[in-house]
Amino acid sequence: MISVIMGLQFGDEGKGKITDFISKNYDEVVRFNGGSNAGHTVVINGEKFKFHLIPSGALQSNTVILGNGMVIDPEELISEIELLKKSNKKIIIKISSGAHIVTKMHKFLDKKEESIRSKLNIGTTSQGIGPTYEDKYGRTGIRMIDLSNKDILKNKINTIYNMKMELLKDSIYNDENERNKMVDELYLFGQSILKYMDYTEIIINNDYNNGKSILFEGAQGGMLDIDFGIYPFVTSSNTISGALSTGSGFSYRKVDKVIGVFKAYTSKVGSGPFPSEILNDDTLRNLGNEYGTTTGRPRRVGWLDLPLLRYTIMINDVDSLAITKLDILGKLDKIKVVTKYIFNGKEINYFPKRLEDFDKLKLEYKEFEGWGSIENDKNIINNGYSALPEKMKKYIEFIEDETNKSIDIISLGEDRKMTITKQIFN
Ligand code: IMP
(Lines give C-alpha, C1' and ligand atoms only; values in the text may rest on other atoms or scores of the structure.)
Protein backbone atom coordinates (compact mmCIF):
# COMPACT_ATOMS: atom_id res chain seq x y z
CA MET A 1 0.00 0.00 0.00
CA ILE A 2 1.32 3.44 -0.93
CA SER A 3 -0.42 6.35 0.81
CA VAL A 4 0.09 10.03 1.29
CA ILE A 5 -1.28 11.98 4.23
CA MET A 6 -1.91 15.70 3.82
CA GLY A 7 -3.25 18.62 5.87
CA LEU A 8 -6.31 20.27 4.34
CA GLN A 9 -6.36 23.58 6.23
CA PHE A 10 -3.63 25.91 7.50
CA GLY A 11 -1.18 23.34 8.80
CA ASP A 12 -2.37 22.63 12.32
CA GLU A 13 -4.82 19.88 11.58
CA GLY A 14 -3.33 17.32 13.96
CA LYS A 15 -1.75 15.27 11.16
CA GLY A 16 0.98 14.12 13.53
CA LYS A 17 -1.45 12.20 15.63
CA ILE A 18 -3.27 10.62 12.70
CA THR A 19 0.00 9.70 11.00
CA ASP A 20 1.28 8.08 14.15
CA PHE A 21 -1.97 6.14 14.40
CA ILE A 22 -1.79 4.69 10.88
CA SER A 23 1.99 4.42 10.48
CA LYS A 24 2.22 0.99 12.09
CA ASN A 25 0.74 -0.30 8.80
CA TYR A 26 3.71 0.97 6.77
CA ASP A 27 7.32 -0.17 6.44
CA GLU A 28 8.63 3.24 5.50
CA VAL A 29 7.70 6.88 6.11
CA VAL A 30 8.89 9.59 3.74
CA ARG A 31 8.79 13.33 4.27
CA PHE A 32 9.06 15.44 1.14
CA ASN A 33 8.53 19.14 1.90
CA GLY A 34 9.19 21.96 4.36
CA GLY A 35 11.56 22.00 7.31
CA SER A 36 11.52 23.00 10.97
CA ASN A 37 8.52 25.25 10.34
CA ALA A 38 6.44 22.14 10.92
CA GLY A 39 5.82 20.94 14.42
CA HIS A 40 4.07 17.81 15.49
CA THR A 41 3.37 16.44 18.89
CA VAL A 42 2.67 12.77 19.38
CA VAL A 43 1.49 11.53 22.77
CA ILE A 44 2.16 7.89 23.60
CA ASN A 45 1.12 6.59 27.01
CA GLY A 46 1.12 10.13 28.33
CA GLU A 47 4.64 10.89 27.05
CA LYS A 48 4.94 13.77 24.58
CA PHE A 49 7.29 13.66 21.57
CA LYS A 50 7.83 16.91 19.68
CA PHE A 51 9.38 16.82 16.23
CA HIS A 52 9.94 19.43 13.56
CA LEU A 53 11.95 17.60 10.89
CA ILE A 54 11.44 13.93 11.59
CA PRO A 55 7.99 12.87 10.39
CA SER A 56 5.70 11.67 13.16
CA GLY A 57 5.25 8.30 11.45
CA ALA A 58 8.89 7.57 12.28
CA LEU A 59 8.02 6.50 15.82
CA GLN A 60 6.38 3.34 14.55
CA SER A 61 7.90 2.41 11.21
CA ASN A 62 11.15 0.64 10.24
CA THR A 63 12.61 3.24 7.90
CA VAL A 64 12.32 7.01 7.78
CA ILE A 65 13.37 9.07 4.79
CA LEU A 66 13.86 12.82 4.57
CA GLY A 67 13.46 13.65 0.89
CA ASN A 68 15.15 16.13 -1.43
CA GLY A 69 12.17 18.51 -1.20
CA MET A 70 12.98 19.32 2.40
CA VAL A 71 15.04 22.15 3.87
CA ILE A 72 17.00 20.84 6.84
CA ASP A 73 18.48 22.62 9.83
CA PRO A 74 21.34 20.22 10.70
CA GLU A 75 21.58 21.21 14.37
CA GLU A 76 17.88 20.54 14.90
CA LEU A 77 18.16 17.30 12.96
CA ILE A 78 20.92 15.97 15.20
CA SER A 79 18.87 16.50 18.35
CA GLU A 80 15.74 14.97 16.79
CA ILE A 81 17.63 11.89 15.64
CA GLU A 82 18.82 11.39 19.22
CA LEU A 83 15.25 11.66 20.50
CA LEU A 84 13.92 9.32 17.84
CA LYS A 85 16.54 6.69 18.58
CA LYS A 86 15.50 6.68 22.23
CA SER A 87 11.99 5.58 21.34
CA ASN A 88 12.60 3.58 18.14
CA LYS A 89 16.05 2.04 18.45
CA LYS A 90 15.98 -0.02 15.28
CA ILE A 91 14.86 2.73 12.95
CA ILE A 92 16.79 3.16 9.69
CA ILE A 93 17.26 6.85 8.82
CA LYS A 94 18.06 8.07 5.31
CA ILE A 95 18.46 11.69 4.22
CA SER A 96 18.55 12.82 0.62
CA SER A 97 21.90 14.12 -0.61
CA GLY A 98 19.89 16.77 -2.46
CA ALA A 99 17.96 18.15 0.53
CA HIS A 100 18.83 21.79 1.17
CA ILE A 101 20.51 23.07 4.31
CA VAL A 102 19.17 25.86 6.50
CA THR A 103 21.94 27.88 8.14
CA LYS A 104 21.84 30.48 10.91
CA MET A 105 22.30 33.09 8.19
CA HIS A 106 19.05 31.92 6.56
CA LYS A 107 17.25 32.28 9.86
CA PHE A 108 18.58 35.82 10.20
CA LEU A 109 17.45 36.57 6.64
CA ASP A 110 13.97 35.22 7.39
CA LYS A 111 13.51 37.79 10.17
CA LYS A 112 15.10 40.56 8.13
CA GLU A 113 12.84 39.94 5.13
CA GLU A 114 9.80 39.94 7.40
CA SER A 115 10.79 43.34 8.80
CA ILE A 116 10.94 44.75 5.26
CA ARG A 117 7.60 43.31 4.15
CA SER A 118 5.74 45.61 6.58
CA LYS A 119 2.02 45.38 5.67
CA LEU A 120 2.49 42.14 3.78
CA ASN A 121 4.31 40.58 6.71
CA ILE A 122 3.58 36.83 6.59
CA GLY A 123 4.22 35.93 10.21
CA THR A 124 6.70 33.20 9.32
CA THR A 125 8.02 30.72 11.86
CA SER A 126 11.50 32.39 11.61
CA GLN A 127 13.05 29.00 10.82
CA GLY A 128 14.82 30.22 7.68
CA ILE A 129 12.44 28.37 5.37
CA GLY A 130 11.77 31.10 2.79
CA PRO A 131 15.42 32.21 2.34
CA THR A 132 16.60 28.59 2.03
CA TYR A 133 14.09 27.86 -0.74
CA GLU A 134 15.04 31.20 -2.35
CA ASP A 135 18.63 29.95 -2.55
CA LYS A 136 17.52 26.56 -3.80
CA TYR A 137 15.59 28.08 -6.70
CA GLY A 138 18.24 30.76 -7.17
CA ARG A 139 20.70 27.85 -7.61
CA THR A 140 23.03 29.03 -4.89
CA GLY A 141 21.71 26.72 -2.16
CA ILE A 142 23.73 24.46 0.10
CA ARG A 143 22.76 20.82 -0.21
CA MET A 144 23.22 17.97 2.21
CA ILE A 145 26.07 16.58 0.10
CA ASP A 146 27.98 19.89 0.39
CA LEU A 147 28.45 19.31 4.13
CA SER A 148 31.28 16.93 3.24
CA ASN A 149 33.44 19.60 1.63
CA LYS A 150 34.69 22.69 3.46
CA ASP A 151 35.77 24.49 0.30
CA ILE A 152 32.37 24.14 -1.28
CA LEU A 153 30.70 25.24 1.93
CA LYS A 154 32.91 28.31 2.13
CA ASN A 155 32.29 29.18 -1.48
CA LYS A 156 28.52 28.82 -1.13
CA ILE A 157 28.30 30.76 2.13
CA ASN A 158 30.27 33.60 0.57
CA THR A 159 28.17 33.52 -2.61
CA ILE A 160 24.96 33.76 -0.59
CA TYR A 161 26.51 36.54 1.48
CA ASN A 162 27.57 38.47 -1.63
CA MET A 163 24.16 38.15 -3.20
CA LYS A 164 22.32 39.21 -0.05
CA MET A 165 24.88 41.71 1.24
CA GLU A 166 22.36 44.51 1.47
CA LEU A 167 20.23 42.45 3.85
CA LEU A 168 23.19 41.11 5.81
CA LYS A 169 25.25 44.24 6.18
CA ASP A 170 24.16 44.96 9.76
CA SER A 171 24.50 41.37 10.89
CA ILE A 172 27.38 39.36 12.31
CA TYR A 173 27.71 37.71 8.89
CA ASN A 174 29.28 40.90 7.61
CA ASP A 175 32.39 39.67 9.40
CA GLU A 176 34.36 37.10 7.41
CA ASN A 177 35.47 35.34 10.61
CA GLU A 178 31.84 34.72 11.52
CA ARG A 179 31.18 33.26 8.08
CA ASN A 180 34.21 31.00 8.45
CA LYS A 181 32.96 29.94 11.88
CA MET A 182 29.68 28.97 10.26
CA VAL A 183 31.53 26.92 7.66
CA ASP A 184 33.38 25.03 10.42
CA GLU A 185 30.18 24.45 12.34
CA LEU A 186 28.30 23.17 9.28
CA TYR A 187 31.19 20.86 8.43
CA LEU A 188 31.12 19.50 11.97
CA PHE A 189 27.36 18.91 11.81
CA GLY A 190 28.06 17.09 8.56
CA GLN A 191 30.45 14.75 10.37
CA SER A 192 27.63 13.46 12.53
CA ILE A 193 24.84 13.28 9.91
CA LEU A 194 26.52 12.40 6.62
CA LYS A 195 26.33 8.73 7.56
CA TYR A 196 22.58 8.97 6.99
CA MET A 197 22.91 10.59 3.57
CA ASP A 198 21.94 8.61 0.49
CA TYR A 199 20.31 8.69 -2.93
CA THR A 200 16.90 8.39 -1.37
CA GLU A 201 14.98 8.49 -4.66
CA ILE A 202 16.68 5.19 -5.54
CA ILE A 203 15.95 3.68 -2.12
CA ILE A 204 12.26 4.62 -2.22
CA ASN A 205 11.77 3.24 -5.73
CA ASN A 206 13.68 0.03 -4.90
CA ASP A 207 11.65 -0.44 -1.74
CA TYR A 208 8.48 0.02 -3.75
CA ASN A 209 9.65 -2.59 -6.29
CA ASN A 210 10.36 -4.94 -3.38
CA GLY A 211 6.76 -4.65 -2.21
CA LYS A 212 7.27 -2.43 0.82
CA SER A 213 4.39 -0.28 2.00
CA ILE A 214 5.23 3.41 2.10
CA LEU A 215 3.57 6.38 3.75
CA PHE A 216 4.39 9.84 2.43
CA GLU A 217 3.86 12.41 5.15
CA GLY A 218 3.09 15.95 4.01
CA ALA A 219 3.98 18.92 6.20
CA GLN A 220 1.89 22.09 6.65
CA GLY A 221 -1.56 22.25 5.00
CA GLY A 222 -3.14 22.88 1.62
CA MET A 223 -3.93 26.52 2.36
CA LEU A 224 -0.21 27.24 2.93
CA ASP A 225 0.74 25.95 -0.52
CA ILE A 226 2.91 28.38 -2.47
CA ASP A 227 0.66 28.00 -5.55
CA PHE A 228 -2.80 27.25 -4.18
CA GLY A 229 -2.78 28.86 -0.73
CA ILE A 230 -3.72 32.46 -0.02
CA TYR A 231 -0.59 34.06 -1.51
CA PRO A 232 1.56 35.68 -0.14
CA PHE A 233 0.49 34.34 3.28
CA VAL A 234 1.85 30.91 2.51
CA THR A 235 4.99 28.88 3.05
CA SER A 236 7.71 28.60 0.39
CA SER A 237 7.04 25.05 -0.77
CA ASN A 238 4.19 23.05 -2.26
CA THR A 239 2.12 21.48 0.47
CA ILE A 240 -0.23 19.39 -1.64
CA SER A 241 -0.12 15.67 -2.44
CA GLY A 242 1.45 16.15 -5.90
CA ALA A 243 4.55 17.58 -4.20
CA LEU A 244 5.54 14.08 -3.10
CA SER A 245 6.89 13.38 -6.58
CA THR A 246 9.20 16.37 -6.87
CA GLY A 247 10.08 16.20 -3.18
CA SER A 248 11.07 12.53 -3.13
CA GLY A 249 11.57 11.28 -6.69
CA PHE A 250 8.66 8.83 -6.52
CA SER A 251 5.81 8.99 -9.01
CA TYR A 252 2.38 10.06 -7.74
CA ARG A 253 0.93 7.55 -10.23
CA LYS A 254 1.87 4.77 -7.83
CA VAL A 255 -0.03 6.25 -4.89
CA ASP A 256 -3.02 4.11 -3.84
CA LYS A 257 -4.59 6.41 -1.30
CA VAL A 258 -4.61 10.11 -0.41
CA ILE A 259 -5.66 10.71 3.19
CA GLY A 260 -6.70 14.27 4.03
CA VAL A 261 -6.67 15.46 7.64
CA PHE A 262 -8.73 18.37 8.90
CA LYS A 263 -9.65 19.79 12.26
CA ALA A 264 -13.33 19.91 13.31
CA TYR A 265 -12.89 23.70 13.28
CA THR A 266 -10.17 25.86 11.70
CA SER A 267 -7.01 27.40 13.13
CA LYS A 268 -4.13 29.35 11.70
CA VAL A 269 -0.91 31.01 12.81
CA GLY A 270 0.45 33.98 10.94
CA SER A 271 -1.29 36.75 9.05
CA GLY A 272 -3.59 36.84 6.04
CA PRO A 273 -7.27 36.36 5.21
CA PHE A 274 -9.14 33.86 7.38
CA PRO A 275 -12.80 34.00 6.28
CA SER A 276 -14.34 31.89 9.06
CA GLU A 277 -12.28 33.42 11.89
CA ILE A 278 -13.99 33.90 15.27
CA LEU A 279 -13.10 37.36 16.52
CA ASN A 280 -13.18 38.64 20.10
CA ASP A 281 -13.88 35.29 21.71
CA ASP A 282 -11.09 33.09 23.08
CA THR A 283 -13.26 30.17 24.20
CA LEU A 284 -12.37 27.76 21.41
CA ARG A 285 -8.66 28.69 21.45
CA ASN A 286 -8.47 27.97 25.15
CA LEU A 287 -10.51 24.77 24.98
CA GLY A 288 -8.32 23.47 22.16
CA ASN A 289 -5.05 24.83 23.60
CA GLU A 290 -4.41 26.42 20.23
CA TYR A 291 -0.82 27.62 20.48
CA GLY A 292 1.76 26.94 17.75
CA THR A 293 4.04 23.90 18.32
CA THR A 294 7.00 25.64 16.68
CA THR A 295 6.57 29.24 17.81
CA GLY A 296 4.22 29.05 20.81
CA ARG A 297 2.15 31.82 19.21
CA PRO A 298 -1.59 31.87 19.93
CA ARG A 299 -3.36 30.48 16.88
CA ARG A 300 -6.23 32.32 15.27
CA VAL A 301 -9.34 30.17 15.52
CA GLY A 302 -12.49 29.92 13.38
CA TRP A 303 -15.38 27.67 12.34
CA LEU A 304 -15.03 24.76 9.98
CA ASP A 305 -14.98 26.19 6.46
CA LEU A 306 -16.50 23.78 3.92
CA PRO A 307 -15.68 25.79 0.75
CA LEU A 308 -12.03 25.76 1.89
CA LEU A 309 -12.17 22.04 2.65
CA ARG A 310 -13.81 21.19 -0.68
CA TYR A 311 -11.07 23.17 -2.45
CA THR A 312 -8.15 21.41 -0.74
CA ILE A 313 -9.88 18.03 -1.17
CA MET A 314 -9.97 18.77 -4.90
CA ILE A 315 -6.36 19.99 -5.19
CA ASN A 316 -5.04 17.04 -3.17
CA ASP A 317 -7.39 14.53 -4.84
CA VAL A 318 -8.33 13.14 -1.42
CA ASP A 319 -9.76 9.62 -1.14
CA SER A 320 -10.39 9.41 2.58
CA LEU A 321 -10.82 11.97 5.36
CA ALA A 322 -9.62 12.07 8.96
CA ILE A 323 -11.14 14.56 11.41
CA THR A 324 -9.45 15.74 14.62
CA LYS A 325 -10.44 17.55 17.81
CA LEU A 326 -14.14 16.73 17.71
CA ASP A 327 -13.95 16.33 21.49
CA ILE A 328 -12.93 19.98 21.82
CA LEU A 329 -15.54 21.42 19.47
CA GLY A 330 -18.38 19.51 21.13
CA LYS A 331 -17.86 21.40 24.40
CA LEU A 332 -19.40 24.52 22.83
CA ASP A 333 -23.18 24.93 23.12
CA LYS A 334 -23.55 26.21 19.57
CA ILE A 335 -21.33 25.30 16.66
CA LYS A 336 -21.28 26.98 13.27
CA VAL A 337 -20.01 25.72 9.91
CA VAL A 338 -19.41 27.82 6.80
CA THR A 339 -21.33 26.19 3.96
CA LYS A 340 -20.94 28.70 1.10
CA TYR A 341 -18.88 31.66 -0.09
CA ILE A 342 -20.91 34.33 -1.88
CA PHE A 343 -18.99 36.85 -3.97
CA ASN A 344 -20.74 39.59 -5.96
CA GLY A 345 -24.06 37.82 -5.34
CA LYS A 346 -22.90 34.45 -6.66
CA GLU A 347 -21.62 31.31 -4.97
CA ILE A 348 -17.93 30.70 -5.65
CA ASN A 349 -15.82 27.59 -5.08
CA TYR A 350 -12.38 29.22 -5.10
CA PHE A 351 -10.42 31.86 -3.19
CA PRO A 352 -10.20 35.38 -4.58
CA LYS A 353 -6.68 36.05 -5.88
CA ARG A 354 -7.03 39.76 -5.05
CA LEU A 355 -6.62 40.22 -1.30
CA GLU A 356 -9.13 43.13 -1.13
CA ASP A 357 -11.84 40.81 -2.47
CA PHE A 358 -11.81 38.87 0.78
CA ASP A 359 -13.53 41.88 2.39
CA LYS A 360 -16.43 41.47 -0.05
CA LEU A 361 -16.82 37.78 0.60
CA LYS A 362 -20.12 36.83 2.28
CA LEU A 363 -20.36 33.59 4.19
CA GLU A 364 -23.38 31.35 4.73
CA TYR A 365 -23.44 29.27 7.89
CA LYS A 366 -25.28 26.28 9.31
CA GLU A 367 -25.63 25.87 13.06
CA PHE A 368 -25.24 22.69 15.13
CA GLU A 369 -25.65 21.91 18.82
CA GLY A 370 -22.62 20.82 20.87
CA TRP A 371 -22.47 17.20 22.10
CA GLY A 372 -20.80 17.90 25.45
CA SER A 373 -17.70 16.36 27.00
CA ILE A 374 -16.71 12.83 26.00
CA GLU A 375 -13.46 12.74 27.97
CA ASN A 376 -12.23 9.17 28.61
CA ASP A 377 -15.63 7.80 27.60
CA LYS A 378 -15.08 4.03 27.98
CA ASN A 379 -18.16 3.23 25.90
CA ILE A 380 -16.63 5.07 22.93
CA ILE A 381 -13.17 3.54 23.44
CA ASN A 382 -14.71 0.05 23.51
CA ASN A 383 -17.48 0.38 20.95
CA GLY A 384 -16.26 3.05 18.55
CA TYR A 385 -18.44 4.80 16.01
CA SER A 386 -21.76 3.37 17.13
CA ALA A 387 -21.19 4.77 20.64
CA LEU A 388 -20.63 8.35 19.49
CA PRO A 389 -23.17 10.95 20.62
CA GLU A 390 -25.94 11.36 18.04
CA LYS A 391 -25.25 15.10 17.76
CA MET A 392 -21.63 14.39 16.89
CA LYS A 393 -22.64 11.83 14.27
CA LYS A 394 -24.96 14.42 12.75
CA TYR A 395 -22.02 16.82 12.43
CA ILE A 396 -19.78 14.14 10.88
CA GLU A 397 -22.42 13.00 8.42
CA PHE A 398 -23.18 16.57 7.36
CA ILE A 399 -19.51 17.09 6.45
CA GLU A 400 -19.45 13.80 4.56
CA ASP A 401 -22.52 14.85 2.54
CA GLU A 402 -21.07 18.29 1.83
CA THR A 403 -17.67 16.98 0.72
CA ASN A 404 -18.83 13.74 -0.85
CA LYS A 405 -16.04 11.92 1.02
CA SER A 406 -16.05 9.42 3.82
CA ILE A 407 -14.57 10.38 7.19
CA ASP A 408 -12.78 7.16 8.07
CA ILE A 409 -10.65 8.23 11.02
CA ILE A 410 -12.04 10.19 13.95
CA SER A 411 -9.79 11.65 16.61
CA LEU A 412 -11.37 12.40 19.97
CA GLY A 413 -8.39 13.25 22.15
CA GLU A 414 -4.63 13.53 22.34
CA ASP A 415 -3.80 9.92 23.10
CA ARG A 416 -3.58 7.13 20.52
CA LYS A 417 -6.43 5.22 22.12
CA MET A 418 -8.81 8.15 21.58
CA THR A 419 -8.86 7.53 17.83
CA ILE A 420 -11.53 5.44 16.18
CA THR A 421 -11.89 4.19 12.67
CA LYS A 422 -15.15 3.50 10.95
CA GLN A 423 -14.15 0.33 9.15
CA ILE A 424 -13.29 -1.62 12.30
CA PHE A 425 -16.50 -0.78 14.09
CA ASN A 426 -18.97 -0.97 11.22
P1 IMP B 1 7.27 29.79 7.03
O2 IMP B 1 6.93 28.45 6.47
O3 IMP B 1 8.03 29.74 8.32
O4 IMP B 1 7.93 30.66 6.01
O5 IMP B 1 5.90 30.53 7.40
C6 IMP B 1 4.95 30.89 6.43
C7 IMP B 1 3.53 30.77 6.96
O8 IMP B 1 3.20 29.40 7.12
C9 IMP B 1 3.32 31.40 8.34
O10 IMP B 1 1.99 31.89 8.41
C11 IMP B 1 3.48 30.23 9.29
O12 IMP B 1 2.83 30.44 10.50
C13 IMP B 1 2.85 29.13 8.48
N14 IMP B 1 3.35 27.78 8.77
C15 IMP B 1 4.49 27.21 8.30
N16 IMP B 1 4.59 25.94 8.71
C17 IMP B 1 3.51 25.68 9.44
C18 IMP B 1 3.03 24.50 10.11
O19 IMP B 1 3.63 23.43 10.07
N20 IMP B 1 1.85 24.64 10.78
C21 IMP B 1 1.15 25.79 10.77
N22 IMP B 1 1.54 26.89 10.14
C23 IMP B 1 2.70 26.84 9.48
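Start with Asp 12: an N or O atom in its side chain sits 3.2 Å from a nitrogen atom of the ligand. That pair is a polar contact, meaning two N or O atoms within 3.5 Å; within protein, one must be able to donate a hydrogen and the other to accept it, and residues adjacent in sequence count only if both atoms are side-chain atoms. Keep in mind that this is a predicted model, where local features need pLDDT of at least 70, side-chain atom pairs count only at pLDDT 80 or more, and totals for chains, interfaces and linings use all residues. Residues are numbered from 1 along each chain as its sequence is written, and side-chain values use heavy atoms, with hydrogens and water left out.

Thr 125 has a polar side-chain atom 2.6 Å from a ligand oxygen atom, and for Thr 235 the distance from a polar side-chain atom to a ligand oxygen atom is 2.6 Å. Of the 470 Å² of accessible area that the ligand has on its own, the protein covers 96% (areas by the Shrake-Rupley method with a 1.4 Å probe; for residues, only the protein chains shown count as cover).

Now for the whole shell. The ligand is surrounded by 16 residues, and Gly 11, Asn 37, Thr 125, Thr 235 and Arg 297 are the closest (a residue counts if one of its heavy atoms lies within 4 Å). Six of the shell residues are nonpolar, eight polar and two charged; here Ala, Val, Leu, Ile, Met, Phe, Trp, Tyr, Cys and Pro are nonpolar, Asp, Glu, Lys and Arg charged, and the others, Gly among them, polar.

Next, a pair of helices (DSSP runs of H or I, at least four residues; strands are E, at least two; both are numbered from the N terminus). Helix 11 (residues 306–316) packs against helix 14 (residues 390–403) at about 55 degrees, with their axes 10 Å apart. Axes are lines fitted to C-alpha atoms over the stretch in contact, and angles run from 0 to 180 degrees between N-to-C directions.

Finally, look at the loop between strand 10 (214–221) and helix 9 (243–248), where you'll find Pro 232. Another loop, between helix 3 (104–117) and helix 4 (129–137), holds Ser 118. Ser 118 isn't a glycine, yet its phi is positive, near 45 degrees.
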